[in-house]
Amino acid sequence: MEKMNKADKLFHEHSNCAQAVLLTFAAEHGLDDPTAQKIASGFGGGIARLQETCGAMTGACMALGLAIGDSEPDPGKAKEATSAAIRVFQKRFIGLHGATSCRDLLQVDLNTEEGRAIHAQKNLRETVCTPCVRDAVMIVEELLTDKS
């Protein structure tokens, strides 16, 4: 619950969805917050507001890679373990939200004035994005707890 609250606070104060998820795990896995903030800055809105893969999911992938991955040129087992964790993450995220695409999750086009107006009017950041961020953090935390 503590990590979900941290991500929620980050998301509502200054971070996009990907930043909020990655920053929640960054420091404890050796990545300073300013660098994590920069790395994830282009992943909000489904990668640069292209509405592809949900930013909460890309933030989760980065967090899982940071925690499980290996920095060696041939990561072997760590690379496969990271991929396996991400596949489990995706399955669980889809189970909760029905999709991993920002476009499918929001059902609006953020690249149009009309879409942005609907996004604001329906409060989709709060009703769709916040639960995605919180659930992404919950799933990552559970996956990392299972690994330890």
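## Cysteines

In this predicted model, Cys102 is buried, with a relative accessible area of 8%. The closest cysteine sulfur to that of Cys102 belongs to Cys129 and lies 6.2 Å away, which is too far for a bond. A disulfide requires two cysteine sulfur atoms within 2.5 Å.

A search of the whole structure returns zero disulfides. Cys54 likewise takes part in none, the nearest cysteine sulfur being that of Cys132, at 4.6 Å. Cys54 is buried, with a relative accessible area of 7%.

## Nonpolar core

The largest nonpolar core contains 43 residues, and those touching the most other members are Leu64, Phe89, Phe93, Leu106, Val133 and Val140. At least two residues of this core come from each of helix H1 (2–13), helix H2 (17–26), helix H4 (55–68), helix H5 (77–97), helix H6 (102–106) and helix H8 (124–147). H8 supplies the largest share, eleven residues. In soluble globular proteins, nonpolar side chains tend to be buried together.

With residues up to four places away in sequence set aside, Val133 touches Ala7, Phe11, Cys17, Ala20, Val21 and Ala56.

On the H1 side the contact is made by Lys3, Lys6, Ala7, Leu10 and Phe11, and on the H2 side by Cys17, Ala20, Leu23, Thr24 and Phe25.

H2 also packs against H4, at an angle of about 25° and with the axes 6 Å apart. That angle makes H2 roughly parallel to H4. The crossing of H2 and H4 is right-handed. H2 contributes Cys17, Ala18, Val21, Leu22, Phe25 and Ala26 to the contact, while H4 contributes Gly55, Ala56, Thr58, Gly59, Ala60, Met62, Ala63 and Leu66.

## Packing of H4 and H5

H4 packs with H5 at an angle of about 150°, with the axes 9 Å apart. The two helices are therefore roughly antiparallel to each other, and their crossing is right-handed. From H4, the residues Met57, Ala60, Cys61, Leu64, Gly65 and Ile68 meet Ala78, Ala81, Thr82, Ala85, Ile86, Phe89 and Gln90 of H5.

Thr82 lies in helix H5 and is buried, with a relative accessible area of 10%. Not counting residues up to four places away in sequence, Thr82 touches Leu64, Gly65, Ile68 and Gly69.

## The loop between H3 and H4

Gln51 is located in the loop between helix H3 (33–39) and H4. Gln51 is buried, with a relative accessible area of 1%. Apart from neighbours within four places in sequence, the contacts of Gln51 are Gly45, Gly46, Ser101, Cys102, Arg103, Leu106, Val108, Asp109, Leu110 and Asn111. Among these partners is Cys102, which is itself buried, at 8% relative accessible area.

Arg49 is found in the loop between H3 and H4 as well, but counts as partly exposed, at 47% relative accessibility. Most residues other than glycine have a negative phi. Phi of Arg49, however, is near 60°, a positive value in a residue other than glycine. Phi of Gln51 is also near 60° and positive.

Met138 belongs to helix H8. Met138 is partly exposed, with a relative accessible area of 25%. The C-alpha atoms of Met138 and Met4 are 6.5 Å apart in space, although 134 residues separate the two in sequence. Met138 touches Met4 and Leu96, when residues up to four places away in sequence are not counted.

Note on methods: Residues numbered from 1 in each chain as written. Predicted model: local features only at pLDDT ≥ 70, side-chain atom pairs only at ≥ 80, totals over all residues. Heavy atoms only, no water. Buried < 20%, exposed > 50% of the residue type's maximum accessible area, 1.4 Å probe, protein only. Core = buried A, V, L, I, M, F, W, Y, C linked by side-chain atoms within 4.5 Å. Helix = DSSP H or I, 4+ residues; strand = E, 2+ residues; numbered from the N terminus. Contact = heavy atoms within 4.5 Å. Axes fitted to C-alpha atoms, helices over the stretch in contact; angles between N-to-C directions. Parallel < 35°, antiparallel > 145°, perpendicular 65-115°, else oblique. Left-handed = near helix turned anticlockwise from the far one by under 90°.
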